[in-house]
Amino acid sequence: MAVLEVKNIRKSFDGEEVLKGIDFSMEKGEVLAIIGSSGSGKTTLLRCLNFLVSPDQGQLFVNDECIFDAKDVHKLNEKEIREKRLHFGLVFQSFNLFPQYNVLRNVTLAEELQIKDAHKAKKISKEEMKEALAKVTAHGSGLLSQVGLLEKKSAYPCELSGGQQQRVAIARALALNPDILCFDEPTSALDPALTGEVLRVIRGLKSSERTMIVVTHEMEFARRVADKVMFMADGVIEEMGEPEQIFTSPKSEKLKAFLRNAAEGL
Amino acid sequence: MSFIDVTMQLLDGFKVTMLIFFVVLLGALPLGLVITFGSMSKIKPLRWLTRTFVWIIRGTPLMLQIILVFYGPGLIFGAKALPRMTAVLVAFIINYAAYFSEIYRGGIESIPAGQYEAGQVLGMTKRQIFFKVVLFQVIKRIMPAMGNEVITLVKDTSLARVISVVELVKAAQDIVGLRGIIWPIFYIGAFYLLVSGALTLLFNWLEKKMDYYKG
Ligand SMILES: Nc1ncnc2c1ncn2[C@@H]1O[C@H](COP(=O)(O)OP(=O)(O)O)[C@@H](O)[C@H]1O
Ligand SMILES: [Mg+2]
C-alpha cells in the first residue's frame, strides 16, 4: 500500500504553468530525493503537499484516503485543511523558527495548542488535558536529543548556529508525527561547514516508519541516503528512479546536463 | 500667590489632563487594532474605506477634529451637542487610533511570511498564529514608535482647551493672566517633562525586557 499517491498535480501562477502534471507514489519508510535546477517547481510541489498552495488540478492520497481533489465541488474549509495538512510536515530552507520562544517551546508549541483545543472542544477532560500537557515536555525533550540539541533546550533561536536552528526546525516538524516529512533545501541557507550536521540528522531519521521527501542540491546525500531520486525540470518529472540509475546512467539529456553542471560545482 | 495656592488651583487642570491621557490610551489602543484589521482586510471596499478614513484623520489637525466633533452634530444635524469633555475624548480616541493603526499595520506587515507558514504547517489556526506567533514579535517591533506616540499624547492633551476644556495649560495660563506671575508656566513645564521622562524610562525598560532575543 502506498503511503502517498500524487496524481496529475498541476499549478499555474499568473497564467504560467509551474507544475505540469506531477504523478508519483511512495511506500512507507521510503526516502525520496528531489533534484533539479532552480525554478523547476520543486518548492511549489512541496507547498502543494502541505496545503500552502492549492493545486489547480489533481489529487492527493495518503494511505489510500483522498485528502485533496481539485475537482471536488466542496471547497475545503480552514478546519479541514488543518486536519489534512497534518499528514505532512515541512522543514523550510530558512528554518522559520519562532524567535521569541526558546528551543523546547518551539518544538512543543503546536502539540500544546492541539491538546488545549481538544479540551476546549470537550474531546478530553481537564485531567486528561493536564496529563497530556505533562507528557509534551518529555516528548519535546526526546525529539531534541534525537537531533542532538537537548542541552540547548533553553536557548533562543538567535543564540544558535544555522545548523543548530535547522535541527530544531526538524525536531519541531517531527513533534506532530507526520506521515510524510518534507524538507525544502534544508541546507541551502547554511555555511558549507554546517551542512554535514543537518544531513547527518536527516539520515538518522531514516527508518521503516518514516517517509521523507528531501529537495536538495547535495548530490552525494541524494545518492547515499535516498531510495529514489526524482529529477524535475520545467514543471515535469523528467526522470525518476533508483539513485544508482539516476546518477550513473541518466537517460534524459536535461538530467545529463544537470549532473554535469552539478559535478563542476555550478 | 503661594506655591500651595497655585498647586491647588492647578489641581483640576491636572486631573483633566491625566484623565484625557489615560482614557484616550485605553480607547485608542484597542480601536487602533480594529482599524488595522479594516485597513488590511481582504474585502477591497472595506480596506479602501478604512485607509481613506485614516488618511483624512492623519492629514488634518487634531484641533480641527475636536472642533468638528463638538460643534458638528449640532450645526449639521441639529442634534444636541456632546458634553465638552466627551467631545474631546471622542476626537482624541479616533485620532490616536488612526495613528496607532498605521503603526500596528507596519509592524504586522514586517513579519516575514515564513512565520505564518511555519504556524500553518504545524496545524495552527489563524487565531493561534496571530496570538501565539506573530503578536509578540509585532509588539517588540512597534515599541519605539508607540513610545513616541504616547509621549506626544501627553503634550497633545493641551489641545482640549480649544473647546474650553480647562486642562493643565489653560489652568496655568488663567493664573498667569489674572495674577501677573510667570512661574506657574515653568511649574507645569516641569510637570510635562517629568511625565514624558517617566514614560521614556518605562518604554526603555519595556524594550529592554523584550530584547532577550534578536529579530
Ligand atoms: N507564489 C508564486 N507566485 C508566482 N510565481 C511563483 C510563486 N511561487 C513560485 N512561482 C514561480 O514558479 C516557478 C517554480 O518555482 P519553485 O517551485 O520555487 O521552483 P524551485 O523550488 O524548483 O526553485 C518559478 O518560476 C517561480 O517564479
Ligand atoms: Mg525552491
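The residues around ligand 1 are Phe13(A), Val18(A), Ser37(A), Ser38(A), Gly39(A), Ser40(A), Gly41(A), Lys42(A), Thr43(A) and Thr44(A). Here a residue is near a molecule if one of its heavy atoms lies within 4 Å of it. This is a predicted model: local features need pLDDT of at least 70, side-chain atom pairs count only at pLDDT 80 or more, and totals for chains, interfaces and linings use all residues. Residues are numbered from 1 along each chain as its sequence is written, chains are lettered from A and ligands numbered from 1 in the order in which they are written, and side-chain values use heavy atoms, with hydrogens and water left out.

**Around ligand 1**

- The shell divides into two nonpolar, seven polar and one charged residue. Ala, Val, Leu, Ile, Met, Phe, Trp, Tyr, Cys and Pro count as nonpolar; Asp, Glu, Lys and Arg count as charged; the others, Gly among them, are polar.
- Helix H1 (residues 42-49) of chain A gives the most to this shell, with three residues. Helices (H or I, at least four residues) and strands (E, at least two) are DSSP runs, numbered from the N terminus.
- An oxygen atom of ligand 1 is 2.7 Å from a polar backbone atom of Gly39(A). For Gly41(A), again a polar backbone atom, the distance to a ligand oxygen is 3.1 Å.
- Thr44(A) uses its side chain: an N or O atom there is 2.5 Å from an oxygen atom of ligand 1.
- Taken alone, ligand 1 exposes 560 Å², and the protein buries 56% of that. Accessible areas come from the Shrake-Rupley method with a 1.4 Å probe; for residues, only the protein chains shown count as cover.

**Salt bridges**

- Side chains of opposite charge can pair when their charged atoms come close.
- The structure holds 21 salt bridges over all chains. A salt bridge is a side-chain nitrogen of Lys or Arg within 4 Å of a carboxyl oxygen of Asp or Glu.
- Glu17(A) pairs with Arg10(A), the closest N and O atoms being 3.2 Å apart. Glu17(A) is partly exposed, at 32% relative accessible area. Arg10(A) is also partly exposed, at 26%. Buried means under 20% relative accessible area, exposed over 50%, partly exposed in between (1.4 Å probe, protein chains only).
- Asp56(A) and Lys11(A) meet in a salt bridge (3.5 Å, N to O). Asp56(A) lies in the loop between H1 and strand E4 (57-62) of chain A and Lys11(A) in strand E1 (residues 2-13), so the pair ties together parts 45 residues apart in sequence. Asp56(A) is partly exposed, at 41%, whereas Lys11(A) is buried, at 11%.
- Glu209(A) and Lys28(A) form a salt bridge (3.6 Å, N to O). The two residues are 181 residues apart and link distant parts of the chain. Both are exposed.
- Arg105(A), Glu112(A) and Lys116(A) are linked in a network of salt bridges.

**Chain B**

- Met63(B), Ile67(B), Leu68(B), Tyr71(B), Leu75(B), Ile76(B) and Phe77(B) form a nonpolar surface patch, with about 780 Å² of accessible area together. Patches are made of residues with over 30% relative accessible area and no salt bridge: like charges are joined within 9 Å, nonpolar side chains (Val, Leu, Ile, Met, Phe, Trp, Tyr) within 5 Å.
- Tyr71(B) lies in helix H3 (residues 62-77) of chain B. Tyr71(B) is partly exposed, at 40% relative accessible area.
- Lys214(B) sits in the segment after helix H8 (183-209) of chain B. Lys214(B) is exposed, at 55%.

Technical notes:
Polar contact = N/O pair within 3.5 Å; in protein donor to acceptor, adjacent residues only side chain to side chain.
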